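Biologist: I am new to this entry. Please show me the model, and then I shall ask about its parts one at a time.

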Amino acid sequence: MSAGAGTGDGRGRGLAASLGRIYAAFVKELLQLRRDRITFATMIFIPLFQLFLFGYAINTDPKHLPTAVLIQDESSFARSFLSAMRVSDYFDIRASAASEQELDHLILSGKVQFGVQIPAHFGRDLIRGERPAVLVIADASDPVAAGGAVSALQGLSSSVFSRELTGPVANLAPKPLPYELRIHRRYNPAGETRLNIVPGLMGTILTLTMLIFTALSVTREVERGTMESLLAMPIRPVEIMLGKIAPYLVIGGLQGALILGAAKLLFGVPIVGSLALLVALTLLFILANLSVGYTFSTIATSQLQAMQMSFFFFLPNILLSGFMFPFRGMPGWAQAVGEALPLTHYLRIVRGIMLKGAGFVDLQTDVLALGAFTLAAMTVAVLRFRQTLD
Amino acid sequence: MTMQPATQPEPASEIVIDVHGLTKSFGGRTVVRNLSMQVHRGLIYGFLGPNGSGKTTTLRMLCGLLTPDGGSGTCLGYDILTQSAEIKRHVGYMTQRFSLYADLSIRENLEFVARVYNLPDPRAAARDAIRRLGLENRADQLAGELSGGWKQRLALGACILPGPQLLLLDEPTAGVDPKARRDFWDEIHTLAHEGITVLVSTHYMDEAERCHEIAYIAYGDLLAQGTVDEVIADAHLATYTVTGPDLADLAERLKALPGVDMVAPFGTALHVSGRDAAALDASTRELREHGPQVWTPGDATLEDVFIDLMSRTKDNFA
């Protein structure tokens, strides 16, 4: 019973041989991935699930907010004010309070988000030029939820009484500004949240899935005992790493295509810039996350630890990258941390290309940062990989 | 110090493993102490010793999976400290625990091995190996679904697939039935006959007797090595085989006597041994002459020698 091939001594050296071993690891990893139905399903369903949740459920400019009114004046001014509020789409007048206490209670109990009090003799005082006050109480415990409505309120107050303030009381009507303020809301003129969220989701979904699957890959070999024979074979750490990462690059690419397709077809997010550039830089971003995951994989001693490390890395990526909260709203130190995370740079890239039509030159700082990050993570991973069982 | 055993099939003299003073400790506990050994080409070299005696650690140091803390040497002419990449290319290491991919089929496992070793035609190499193993019908079965005996055959098949010059087998037959064990050993002898050197660790005495040379290692120290006959002779163990009634009671009485180093039941007989033949004779004379058991002077078996070695090391180190 003799072994198959001869033992030529030149065998195993050189680039071709190295590529052959990377291919061996690649095929093996792909086959294992195919057998692991749960993992495979997770890879398809995590992106879809997140996309639907974030794309359809999240809106940072909510309208039709429940509002209660306390009307102590029966003039036409009061009615005009209320109907202007309704027309703005931000307010849904749901309750009519009989007293200030009841209005307070409605707000405190969370039944309404806004309370409007129009005091007695409002119309009379207005015509007398006494500048009576309309009180609008906003539940601003969630500033984002109240923000849009409050600014809409300021807009409507200048024009609301234009019909009533004519003839003898025309002098009470607000005067136009002596200049015109022109605001261009570029790239997302309607201020639609999903235009901001959906491209960002591409980054967070890829971060999560790529990170977890590679983080598990080496620790799984250690836990199952296959690492011992793998290390006894003539394959180098960098070859194992590249072979293990490559299948996920393909999967990450597929996930990206899935998200991009959904973004365009379901959410109407445009791709203003170059699709080719977007694909190329997305692959770079996938590589960055795979390298981080692989590094974790070489440090963790169990799959559970690898999972924990992945989430530990994922959290700041979500919170400090500008995905959920405005990047420029963070203090300096938090921005500095954010700058060190791959998602921060990718968000600028993906939003830049999809919404603004940015080109390579506009994005080169972020591309460089992403490249440097990937290189550093890969170096650490290869250095950390234990070539022996010591 | 290795001598040519009479049973060796080919009088090859080329030394395949030549290591001196290998030492390895984990967390302050010395697992292998100052181990030196030489193994000639084409030999089946048995590695024996109790659990935790350093057998696995020694095998791992030889194939580059562990770096020795001290000592030096060569394996297939390559330095074990600096040339482990070369060693890995020519050594097949079969781990104690099944370490092929349970979620890959037999064919996929073998093709993976063939590719990692850069064999020119991995598919053909895997196909040949499957035929040799007699696994044609199960080639697409997942390796994890195989029985213990077939797993072990597959593991050996994967080891010899790249055509290694040296096989390191770590307790390859643990938990395998006697028929599969015999087949396995027949294969090992065929491989050795073809010029592959085999270093195999085992607990089984019958397997030890199938080796050309053996070494006994206990708690990090190499205590005996040579052919089976040499190891038995070197132990200088005087032995009686006792048959008759009430052997259990007799065994208890004998253990207390001076000059009796080992009392062990073997089926319906009792083996009574002592390192000092005169002392053994003196203290057992009464019992031998007055029965009721029958005492027959005999040769020590390999197992007697090992049990004696094991009890001696416990005296020294435990």
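Biologist: How far apart do the C-alpha centres of domain 1 and domain 2 of chain B lie?

Modeller: This is a predicted model, in which local features need pLDDT of at least 70, side-chain atom pairs count only at pLDDT 80 or more, and totals for chains, interfaces and linings use all residues. Residues are numbered from 1 along each chain as its sequence is written, with chains lettered from A and ligands numbered from 1 in the order in which they are written. In chain B, domain 1 covers 15-103 + 142-232 and domain 2 covers 238-299, with bounds from an automatic or database domain assignment. Their C-alpha centres are separated by 36 Å.

Biologist: Which helix gives the largest share of the side of chain A that touches chain B?

Modeller: Residues are in contact if their C-beta atoms, placed from the backbone, lie within 7 Å; 30 residues of chain A and 37 residues of chain B take part. Helices are DSSP runs (H or I, at least four residues), numbered from the N terminus. On chain A, α1 (14-35) and α8 (226-231) each supply at least two residues. The largest share, nine residues, belongs to α1(A).

Conventions
Two residues are in contact if their C-beta atoms, placed from the backbone, lie within 7 Å.
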